[in-house]
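Could you show me around this structure, one selection at a time? I have it open in my viewer and would like to know what to click on next.

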Amino acid sequence: MDAFGRRGQVFAALDKAMERAQKSQKDAAAGQSGLFGGIFDADLSIAANEESEALPPAPDWDEHNRLQNEKEVLGFFVSGHPLDRYREKLRNLKVVDTVTACEMKPEPQVFRRGSNEPQNEIQIAGVITGLKVAKSKKSGEMYAQASLEDSVGKIELIAFSTAYQKLAEKLKIDVPVLVRGVLRGEEDSAPKLSVSNIQALEDVVLKLPESLRIKVPLHNPDGALLEKLHAVFLAAPGKGKLLLDLEEPGEFCAVLEPHNVMVTADRLFIDRVEELVGRGGVRVID
């Protein structure tokens, strides 16, 4: 229905359009018509409406409002997904999607040595929906249940009393979030994610590799390979250091560190470099 105009303007025109429709219905029920009546009168009415009923000036909905309104009316997103704008950021985070998480087998919590944080936590990105807060019959403490939806499915969330006290406000966030927790469940039911942390995706700061090692095959038939790599490096300034392994298989390998060249060592950069040097030609140095 976007053919009728921008959604913000169409929505702003709804009240007046409904008023006109109600008036037309009342006039028709009362048998009112214009001086000439019939088809000629209808044609005059249509012409008058086309001249006077332009959509009112109104700002268009931003992406967040557009998608939230689609979800509210239809129960699902139509023109996109809230996670779409974070596609590149998610490629640099260790996340699993909801379908994969639901297929995983819950395991007993394993804590890191000297820490209270479970070692087998996973991260899932999505939108929290259907939040319900209840009181435990056993302890009398408050806990919460909700769903986390991504672009492929959803998984149930549960925040037990301790986590709920810490995350009560964050559970209400209506923008994409990164949820961390441990899978819990029984053999015959889909697992739930026991939540330990929630963070708005917009606020997540990526921890990118500090150094990369790139294998540059000198026998590559592309004579402009080094120039192309240099262009990729310059297009992605950042804080990551580079080491170049200039190789001639079976003969020699020279290791070079480009002078004053620092890059943003994210997945997009690695993909662009590997398009030139071959799959697996980039290695992260911890």
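Start with the aromatic rings: a search of the whole structure finds 2 aromatic pairs. Here rings of Phe, Tyr and Trp (its six-membered ring) pair if their centres lie within 6.5 Å; planes under 30 degrees apart count as stacked, over 60 as edge-to-face and the rest as tilted. Select Phe233 and Phe269, one of these pairs: the centres are 6.0 Å apart and the planes make an angle of 40°, which is tilted. The pair links distant parts of the chain, with Phe233 in helix 8 (residues 225-234) and Phe269 in helix 9 (residues 267-277), 36 residues apart. Helices (H or I, at least four residues) and strands (E, at least two) are DSSP runs, numbered from the N terminus.

The cut-offs are under 20% relative accessible area for buried, over 50% for exposed, and partly exposed in between (1.4 Å probe, protein chains only).

A word on what you are viewing: this is a predicted model, in which local features need pLDDT of at least 70 and side-chain atom pairs count only at pLDDT 80 or more, while totals for chains, interfaces and linings use all residues. Residues are numbered from 1 along each chain as its sequence is written, and side-chain values use heavy atoms, leaving out hydrogens and water.

Next, colour the strands. Strands of a sheet pair through backbone hydrogen bonds, either parallel or antiparallel. Two strands count as paired if DSSP finds at least two bridges between them.

- Look for the closed barrel: its 5 strands run 1-2-3-5-4, with mixed pairing.
- Glu156 stands opposite Lys192 in strand 5.
- Move on to the open sheet, where 4 strands have the order 8-7-6-9, again with mixed pairing. Its edge strands, strand 8 (252-256) and strand 9 (282-285), each pair on one side only.
- Now pick strand 6 (residues 211-217) and strand 7 (residues 237-248), a parallel pair with 7 bridges. Leu212 stands opposite Leu242 in strand 7.

For the last stop, select Phe76, in the loop between helix 4 (63-74) and helix 5 (87-91). Phe76 counts as partly exposed because its relative accessibility is 48%.
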